[in-house]
Amino acid sequence: TALLQGKFAVITGAASKRGLGKATARLFAEHGATVAILDLDEAAAKEAAADLGPEHVGMACDVTDHDGAKTVIDALAAEWGRIDILVNNAGITQPLKIMEIAPKNYEAVLDVNLRGTLYCSQAAIPHMRAQKQGKIVNMSSVSAQRGGGIFGGPHYSAAKAGVLGLTKAMARELAPDNVRVNAICPGFIATDITAGMLTPDKLEEIKAGIPMGRPGTAEDVAGCALFLASDLSAYVTGSEVDVNGGSLI
Ligand code: NAD
């Protein structure tokens, strides 16, 4: 059965071809949602939306631009009459060690991952409140929970931990409005980008630390996003859901 029939979903950073946002957009569309793909490059966002079918939309949006994000999300709400779901997926990482983080690195990583999550949420919340329903899904990371990952630096861990705090605070404040807010903490997810950065030895070492013995896929994360965006998770709010093959057991 289609879990998101008639719903309108906005997903940030979803133009990346093999990324988690795109896989989420595809699964949401398969479940009956109309999806707006927001990303930095307009042509890439439009192409990603067209991949899903003619009813979906792609728009340029820099999530770090408070006024710009609000303008785009308000325009979408005006056109579609609602914002049912927001997935704050846009994120960047930098493989730096603590003493290598320059002020501009800290700014860039906190800006996209944390500031972007706040700004897009602030843009969507008034519409969700007016509808008396909404779901926000924030992309955090196992890096937030274990103080580092394979590719992320300490600033990435800090930003993604910030996303968890923001998720819980928003969930608490918005619960009376029937707006649920949850976070996903993906573990090591195999994408084209991660594949290109790893030697076979390193991949084996990573797999050895995952009880399920394999990296995750973008579809593994999308399935969790679908659960959190649908009524299957009707009583779930303020949660961080691990999608990591048991990496933290
Ligand atoms: P990705 O690089 O494939 O996609 C990220 C997208 O965000 C890109 O399309 C990029 O253009 C976009 N983006 C960057 N800055 C932006 C901005 N300012 N405004 C709008 N869009 C912007 O990454 P991914 O691997 O699909 O990761 C998606 C999310 O999941 C990120 O938040 C990432 O931190 C998180 N995550 C990924 C993994 C993993 O293993 N891949 C693990 C844990 C968490």
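Ile37 is found in strand E2. Helices (H or I, at least four residues) and strands (E, at least two) are DSSP runs, numbered from the N terminus. With 29 C-beta neighbours inside 10 Å, Ile37 counts as buried. A residue is buried if 20 or more other C-beta atoms lie within 10 Å of its own, exposed if 12 or fewer, and partly exposed in between, with C-beta atoms placed from the backbone.

Not counting residues up to four places away in sequence, Ile37 touches Ile11, Ala14, Ala15, Ala25, Ala45, Ala48, Ala49, His56 and Gly58. Contact here means that the C-beta atoms of two residues, placed from the backbone, lie within 7 Å. Pro54 is 17 residues from Ile37 along the chain, and their C-alpha atoms are separated by 13 Å.

## About the model

This is a predicted model, in which local features need pLDDT of at least 70 and side-chain atom pairs count only at pLDDT 80 or more, while totals for chains, interfaces and linings use all residues. Residues are numbered from 1 along each chain as its sequence is written.

## The whole protein

The protein has nine helices and seven strands. Its C-alpha trace spans about 50 × 40 × 35 Å along the principal axes. For 249 residues, a compact globule would have a radius of gyration near 18 Å; the protein has 17 Å, which agrees. That radius is taken over C-alpha atoms, and the globule rule is 2.2 Å times the number of residues to the power 0.38.

Buried residues make up 48% of the 249 residues. Take the contacts between residues at least 6 apart in sequence: 71% of them join residues at least 24 apart.

## The sheet

Seven strands form an open sheet in the order E3-E2-E1-E4-E5-E6-E7, with parallel pairing. Strand E3 (57-60) and strand E7 (240-243) stand at the edges, each with a single partner strand, so one side of each is left without a neighbour in the sheet. From one strand to the next the twist averages 20 degrees. Two strands pair if DSSP finds at least two bridges between them. Strands of a sheet pair through backbone hydrogen bonds, either parallel or antiparallel.

Now follow E4. Strand E1 (residues 8-12) runs parallel to strand E4 (residues 85-88), and three bridges join them. Val10 stands opposite Leu86 in E4. Ala9 has Ile85 of E4 as its bridge partner. Four bridges join E4 to E5, and these strands also run parallel. There, Val87 has Val137 of E5 as its bridge partner. In a regular strand the side chains alternate between the two faces of the sheet. Both faces of E4 are covered: Ile85 and Val87 are buried on one side, Leu86 and Asn88 on the other.

## Helix H1

Helix H1 (residues 20-30) packs on the sheet. H1 touches E1, strand E2 (34-39), E4, strand E5 (134-139) and strand E6 (179-186). The direction of H1 makes about 170 degrees with that of E1. Axes are lines fitted to C-alpha atoms, for helices over the stretch in contact, and angles run from 0 to 180 degrees between N-to-C directions.

H1 is mostly covered, with nine of its 11 residues buried. Among them are Leu20, Lys22, Arg26 and Phe28. Gly32 follows H1 and has a positive phi, near 95 degrees.

## Around the ligand

There are 28 residues around the ligand, and Gly13, Ser16, Gly19, Gly91 and Ile189 come nearest. A residue is near a molecule if its C-beta atom, placed from the backbone, lies within 6 Å of it. H1, helix H4 (103-131) and helix H7 (192-197) are the elements that give two or more residues to this shell.

The shell divides into 13 nonpolar, 13 polar and two charged residues. Ala, Val, Leu, Ile, Met, Phe, Trp, Tyr, Cys and Pro count as nonpolar, Asp, Glu, Lys and Arg as charged, and the others, Gly among them, as polar.

## Two positive phi angles in loops

Most residues other than glycine have a negative phi, and most peptide bonds are trans. Lys132 is not a glycine, yet its phi is positive, about 60 degrees. Lys132 lies in the loop between H4 and E5. With 10 C-beta neighbours inside 10 Å, Lys132 counts as exposed.

Asn178 is not a glycine either, and has a positive phi of about 65 degrees. Asn178 lies in the loop between helix H6 (154-174) and E6. With 15 C-beta neighbours inside 10 Å, Asn178 counts as partly exposed.
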